[in-house]
Amino acid sequence: MGGLSMNSVYWGGYGVVMAAALMAGCLAMASTAPLLVVAALVAVAAAMFPALWSPRTAHWVPVIVVGTCAVSQVATFVFQGPVAGEAETWWLVESVGLMVLMVPAVRRPRGRTALVLTVLLTATITELPLRMVLRVDPPATFEQAVKLCLAWLLLAAAANGTGCYLRVLDARGSAALAAERRTQRLELARDLHDFAAHDVTGVVVLAQAAQVLVDQDPKRVGELLTRIEEAGRQALSSLDRTVHVFTGDDAATVRHGRHAGETADAGGDALRPRPRDLDGLKALTDRFARTGRAAVRLDLADGALADLPRRVSELGYRAVVEALTNVRRHAPGASEVCIAVSRAPHGGMDTLSITVIDDAPNAGAEEDSGEPGEPERLGGGTGLADLQRRAADMGGELAAHPHPSGGWQVSVLLPLVASGPGSRNEQDRPNG
């Protein structure tokens with residue numbers, strides 16, 4: 001549009017139309033009562049006023065509607081005739097203008113204000129025929145006047161219905177937008193809980209270990225500080241990636257020139273993206289072993305990760321992250337964590353099975369010694385509960401309970417064929 005904003009275009013078009021209407025009105029005043037022409041021009045100007053149709057300027061609606069109705073009522077009850085020239089044409093123009101004005105009057109203001117404006121406009125439109133039927137020569141009969149007023153009342157009702165329909169659409173759109181924003185906030189909270197909290201927990205564990213070793217083995221503290229720095233960078237990377245996913249700023253560079261979601265490898269020399277699905281399981285376990293005190297044993301069956309639906313892979317990865325995070329938080333005595341991934345039939349379907357078991361001392365032993373016990377595993381947050389709901393939505397299941405030989409076990413079964421509500425979408429496509 002040559003650099004012009006749409007707002008400028010609207011106001012420019014409004015000015016052109018109103019200039020043409022004023023010229024026509026001036027020409028018509030020679031043979032038509034000026035009061036009728038003025039009332040019609042005011043109704044047209046009000047109905048086409050650009051600010052009247054914008055949600056951001058709804059405060060204009062009551063002022064414009066009340067002023068237009070006042071001018072029309074004055075014309076109806078002050079005009080004494082005769083009906084001559086183009087009076088009927090201007091009367092019809094005013095009628096159309098008032099009916100168009102009904103739409104924003106119903107659609108934009110709040111409930112009570114909209115109700116008052118609707119009643120005022122309906123009365124004004126219904127009375128419009130009296131201006132003509134009582135001033136023609138000969139005057140119309142009472143029955144004719146009533147019929148014409150009823151016809152205009154029906155037209156006003158149709159305009160009101162249009163405004164109500166648009167108001168309902170606006171409400172639905174606002175509700176959908178609010179729901180979408182809430183969904184995005186929940187997804188952001190999940191990502192922060194599942195990924196950033198995992199890395200931050202690693203920093204805390206290493207810092208605690210450094211405090212213990214600062215007097216016993218000062219030389220190892222330097223090594224721990226290096227690992228703390230690496231874990232901190234991983235946490236920052238998780239935060240960056242999460243933020244940039246929701247802002248859509250995929251091309252924006254972040255700390256030290258890195259892109260969101262990139263992190264250093266074990267040697268710190270190369271950068272690579274960190275997948276948030278089971279393709280990144282090996283890297284996840286390696287990071288956990290480097291930034292914690294528990295060893296990790298990964299038992300990955302042949303072909304277990306081949307052609308996984310994306311939703312299954314992402315949820316499985318989140319479950320492993322949550323299980324490892326809980327090991328750090330609630331099982332500081334664990335010396336080994338075993339992660340087994342395989343495919344197995346379950347309930348007549350091919351499923352992905354993931355099991356995470358730690359060897360921390362059992363609940364009873366910990367409670368006897370005064371240490372935090374295993375029951376706290378289920379009370380530390382909403383991560384597992386949320387994952388259980390999401391697994392159930394996919395037709396799978398997630399369970400967390402003490403392991404018979406000691407420690408804690410988290411088991412996940414996810415069907416490889418979409419079966420839960422809302423499961424048929426683009427994310428069901430295989431990874432890669």
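Predicted model: local features only at pLDDT ≥ 70, side-chain atom pairs only at ≥ 80, totals over all residues.
The secondary structure of the chain amounts to eleven helices and nine strands. Of its 432 residues, 41% count as buried. Among contacts between residues at least 6 apart in sequence, 70% join residues at least 24 apart.

Helix H4, residues 87–107, takes part in two of the helix contacts described here, with H2 and with H5. The axes of H2 (residues 34–48) and H4 come within 8 Å and cross at roughly 30°. Angles under 35 degrees count as roughly parallel, and H2 and H4 are therefore roughly parallel to each other. Their crossing is left-handed. On the H2 side, the contact involves Leu36, Val37, Ala39, Ala40, Leu41, Ala43, Val44, Ala46 and Ala47. These residues meet Ala87, Trp90, Val93, Glu94, Gly97, Leu98, Val100 and Leu101 of H4. By class, 15 residues of the contact of H2 with H4 are nonpolar, one is polar and one is charged.

The axes of H4 and H5 (residues 111–133) come within 10 Å and cross at roughly 170°. Because angles over 145 degrees count as roughly antiparallel, H4 is classed as roughly antiparallel to H5. From H4, the residues in contact are Ala87, Glu88, Trp91, Glu94, Ser95, Leu98, Met99, Leu101, Met102, Ala105 and Val106. Their partners in H5 are Ala114, Leu117, Thr118, Leu121, Thr122, Thr124, Ile125, Leu128, Pro129, Arg131 and Met132. The contact of H4 with H5 comprises 15 nonpolar, four polar and three charged residues.

Aromatic pairing was examined next. With ring centres required to lie within 6.5 Å, the count comes to five aromatic pairs. One of the pairs, formed by tryptophan 11 and phenylalanine 49, is edge-to-face, with 5.2 Å centre to centre and 85° between the planes. Tryptophan 11 lies in helix H1 (residues 6–28) and phenylalanine 49 in the loop between H2 and helix H3 (60–78), so this pair ties together parts that are 38 residues apart in sequence. Tryptophan 11 has a relative accessibility of 35% and counts as partly exposed, whereas phenylalanine 49 is buried, with a relative accessible area of 17%. The pair formed by tryptophan 91 and tryptophan 152 is stacked, with 5.0 Å centre to centre and 10° between the planes. Since tryptophan 91 lies in H4 and tryptophan 152 in helix H6 (residues 142–216), the pair ties together parts that are 61 residues apart in sequence. Tryptophan 91 and tryptophan 152 are both buried. Trp11 and Phe49 also belong, with Tyr14 and Trp60, to one aromatic cluster.

Two further residues were considered individually. Threonine 355 is located in strand S7, residues 349–358. Its relative accessibility is 18%; because buried means under 20% relative accessible area, threonine 355 counts as buried. Apart from neighbours within four places in sequence, threonine 355 is in contact with Cys338, Ile339, Ala340, Gln409, Val410 and Ser411. Aspartate 307 occupies the loop between strand S5 (295–300) and helix H9 (310–330). The relative accessible area of aspartate 307 is 65%, and this residue is exposed. Its C-alpha atom is separated by 9.5 Å from that of leucine 416, although aspartate 307 and leucine 416 are 109 residues apart along the chain.

Conventions. Residues numbered from 1 in each chain as written. Heavy atoms only, no water. Axes fitted to C-alpha atoms, helices over the stretch in contact; angles between N-to-C directions. Helix = DSSP H or I, 4+ residues; strand = E, 2+ residues; numbered from the N terminus. Parallel < 35°, antiparallel > 145°, perpendicular 65-115°, else oblique. Left-handed = near helix turned anticlockwise from the far one by under 90°. Contact = heavy atoms within 4.5 Å. Nonpolar A, V, L, I, M, F, W, Y, C, P; charged D, E, K, R; others polar. Phe/Tyr/Trp six-rings, centres within 6.5 Å; stacked < 30°, edge-to-face > 60°. Buried < 20%, exposed > 50% of the residue type's maximum accessible area, 1.4 Å probe, protein only.
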